[in-house]
Every structure is written in C-alpha cells, then in structure tokens.
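Dear colleague,

Here is the structure for you to take over. My notes on it follow below.

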Amino acid sequence: MADDPVSAIGELFASEGAAEYLGEPVSQAAHMLQAALLAERAGARPALIAAALLHDVGHFTGTVTGHDLMRGTDNRHSHQGANWLAQWFGPEVTEPVRLHVDAKRYLCAVEPGYLARLSPASVYTLGVQGGPMAGDELAAFQASPYAQDACQVRRWDDDAKDPAVTPPAFEHFASLLGALVR
Ligand SMILES: [Fe+2]
C-alpha cells in the first residue's frame with residue numbers, strides 16, 4: 001500500500017473498487033465517485049464530499065468483505081471503513097461514513113416511501129444489517145451530531161447507482177482529500 005493516504009485510497013479505487021459490483025449496475029469505484037459528484041453538485045462542504053466519496057471503502061478494508069455481506073454475513077462495512085479512515089481523517093469525514101448504514105435503517109423507519117426507492121441489493125442488505133430501526137435505536141441515532149450528515153450521504157449513496165452516469169476520475173477529488181488529511 002502506498003505511504004501517503006490519498007495514493008493508498010486511490011489504489012483501492014483502481015483495484016478492488018473498479019472490479020467489484022456487489023449487486024449494483026455500477027462498480028463500487030464508480031458508485032462512490034458518483035456519490036461524491038452528487039455531493040459536489042449539491043454544494044456540500046469538502047468533508048461531506050469526502051464522506052460521500054469514501055462511504056463504502058469498508059467493503060475492501062476489513063477481513064469480512066462486501067462479498068460476505070452479499071452472502072448474508074454483515075461485514076459492518078460502515079464501521080470498518082470509518083475506523084480505517086480515522087488513521088487520516090477527522091470525525092467530520094469518518095462519522096457520516098460510520099453512520100451511513102444506520103441512516104438507511106433510520107430513514108426506512110421514519111420516511112414513508114424511502115424503502116421503495118432502494119435498489120434490490122440495498123433492500124437485501126437492509127435485512128442482513130438489522131432491518132429498519134425501531135425503539136431506542138431511533139432516538140440514539142437522532143442524538144448523534146452526525147445524524148443529518150449521515151442521512152445526506154445516504155441519499156447521495158442511494159442515487160449513485162446510475163449506469164448512464166460517467167463520474168469524474170478519482171484524481172478529481174485528490175486535492176480535496178489531501179487537504180482534509182490531519
Ligand atoms: Fe454505497
């Protein structure tokens with residue numbers, strides 16, 4: 001792995017990220033780049049663009065992989081990814097990543113029509129990840145200072161699966177990422 005973080009992350013996008021689809025019509029690299037593009041077009045601040053760009057890296061950084069998730073074992077990729085990213089980035093980047101699966105579970109519970117917009121793969125993994133939130137989980141999620149950011153990343157995530165969209169290359173976001181490294 002490259003020594004500098006932006007190069008190390010770029011290598012992930014170029015290798016496993018470009019090769020893995022995990023049940024979606026676009027590669028995981030294209031998916032994350034599309035999410036970042038949506039964040040950029042929405043005028044999001046750099047940390048949230050970075051969170052959108054990096055939200056699924058945990059499929060590739062843990063011992064339990066995205067393939068395992070698609071076979072029914074929760075790989076906790078949001079936590080894996082956030083913990084991996086925390087070696088370089090602060091909570092404004094890592095915590096929306098950590099909470100983006102919980103944001104799906106939260107939005108399924110509180111927003112009518114949200115679940116119907118999810119891709120088939122996302123509906124499948126929802127079940128593996130615990131299903132819609134209920135009870136105390138809802139209040140605990142709402143209490144997080146990063147809950148809103150996580151929901152925002154989640155919506156870009158859900159919309160970032162369009163095979164007709166050609167996102168910018170990873171390098172487009174390299175300087176933004178580099179400026180966020182602590
Ligand atoms: Fe995603």
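Helices here are DSSP runs of H or I with at least four residues, numbered from the N terminus. Please keep in mind that this is a predicted model.

Overall fold: the protein chain has 13 helices and 0 strands. Its radius of gyration is 15 Å, close to the 16 Å that the globule rule gives for 182 residues, so the chain is as compact as a globular protein of that length. Along the principal axes, the C-alpha atoms fill a box of roughly 45 × 30 × 30 Å. Of the 182 residues, 53% count as buried. Taking contacts between residues at least 6 apart in sequence, 70% join residues at least 24 apart.

Backbone: most residues other than glycine have a negative phi.

- Leu22 has phi near 50 degrees. Leu22 lies in the loop between helix H2 (16-19) and helix H3 (28-41). With a relative accessible area of 11%, Leu22 is under the 20% cut-off and therefore counts as buried.
- Arg76 has phi near 45 degrees. Arg76 sits in the loop between helix H6 (66-70) and helix H7 (77-85). The relative accessible area of Arg76 is 47%, so this residue is partly exposed, a class that runs between 20% and 50%.

Regards

Technical notes. Residues are numbered from 1 along each chain as its sequence is written. This is a predicted model: local features need pLDDT of at least 70, side-chain atom pairs count only at pLDDT 80 or more; totals for chains, interfaces and linings use all residues. Side-chain values use heavy atoms; hydrogens and water are left out. Helices (H or I, at least four residues) and strands (E, at least two) are DSSP runs, numbered from the N terminus. The radius of gyration is taken over C-alpha atoms; the globule rule is 2.2 Å times the number of residues to the power 0.38. Buried means under 20% relative accessible area, exposed over 50%, partly exposed in between (1.4 Å probe, protein chains only). Contact means heavy atoms within 4.5 Å.
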